[in-house]
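Hi everyone, thanks for coming. I'd like to walk you through one structure today, so please have a look at it with me.

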Amino acid sequence: MFSDKKSGKGTMESGKSQNRIGQGTVIEGDIKSTGGFRIDGTIIGSLETTAKVVIGKEGKIDGSMRCQNADVEGTIKGKLVVDNLLTLKATARIDGEVTTGKLAVEPGAEFNATCSMQSGVKNINDSSKKGKTA
């Protein structure tokens, strides 16, 4: 009665889940996940993930966020730590403190933040340890 033809569709690997916070949703508190996020609502608190975060035009974060990569079209007020690439679209607005490996900013984005570029810091420390012998 039921076919297995679609069994490959819609399945996700462990740790590769996509979380969505819809427009009109407000979450207050701290969120930790290994999966990615699409945020069109509001988070008041902190968000921490080892994956990518996409903040839509109506998406807002008031607090802190740490992730691997981020595409921002909405608003972030607070501390932002992106381990790899932070992309700010034309409608993005950032107010606060930013630490990232790479930064891409489209014309029109508002970037009112202190910014620290941290790429390569881990590699420098790791290479100094390799040269030492016991």
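Let me start at the surface: which residues form a nonpolar patch there? They are Leu103, Val105 and Met117, and together they have about 240 Å² of accessible area. Before going on, a word on the source: this is a predicted model, where local features need pLDDT of at least 70 and side-chain atom pairs count only at pLDDT 80 or more, while totals for chains, interfaces and linings use all residues. Residues are numbered from 1 along each chain as its sequence is written, and side-chain values use heavy atoms, with hydrogens and water left out.

For the patch, residues need over 30% relative accessible area and no salt bridge; like charges are joined within 9 Å, and nonpolar side chains (Val, Leu, Ile, Met, Phe, Trp, Tyr) within 5 Å. The areas come from the Shrake-Rupley method with a 1.4 Å probe, and for residues only the protein chains shown count as cover. Met117 sits in strand β10, residues 110-117; strands (E, at least two residues) and helices (H or I, at least four) are DSSP runs numbered from the N terminus. Methionine 117 counts as partly exposed because its relative accessibility is 45%, given that buried is under 20%, exposed over 50% and partly exposed in between (1.4 Å probe, protein chains only).

Now the inside. The largest nonpolar core has 22 residues, and Ile39, Leu47, Met65 and Val72 have the most contacts inside it. Strand β8 gives the most to this core, with 5 residues. Such a core is a set of buried Ala, Val, Leu, Ile, Met, Phe, Trp, Tyr and Cys residues joined through side-chain atoms within 4.5 Å. Beyond its neighbours within four places in sequence, Val72 is in contact (heavy atoms within 4.5 Å) with residues including Ile55, Leu86 and Ile94.

Next, charges. How many salt bridges does the structure hold? There are 7, each a side-chain nitrogen of Lys or Arg within 4 Å of a carboxyl oxygen of Asp or Glu. One of them joins aspartate 71 and lysine 52 at 3.0 Å, N to O. Aspartate 71 is in strand β7 and lysine 52 in strand β5, so this pair ties together parts 19 residues apart in sequence. Another joins aspartate 83 and arginine 66 at 2.9 Å, N to O, linking strands β8 and β6 across 17 residues. Finally, Arg20, Arg38 and Asp40 are linked in a network of salt bridges.
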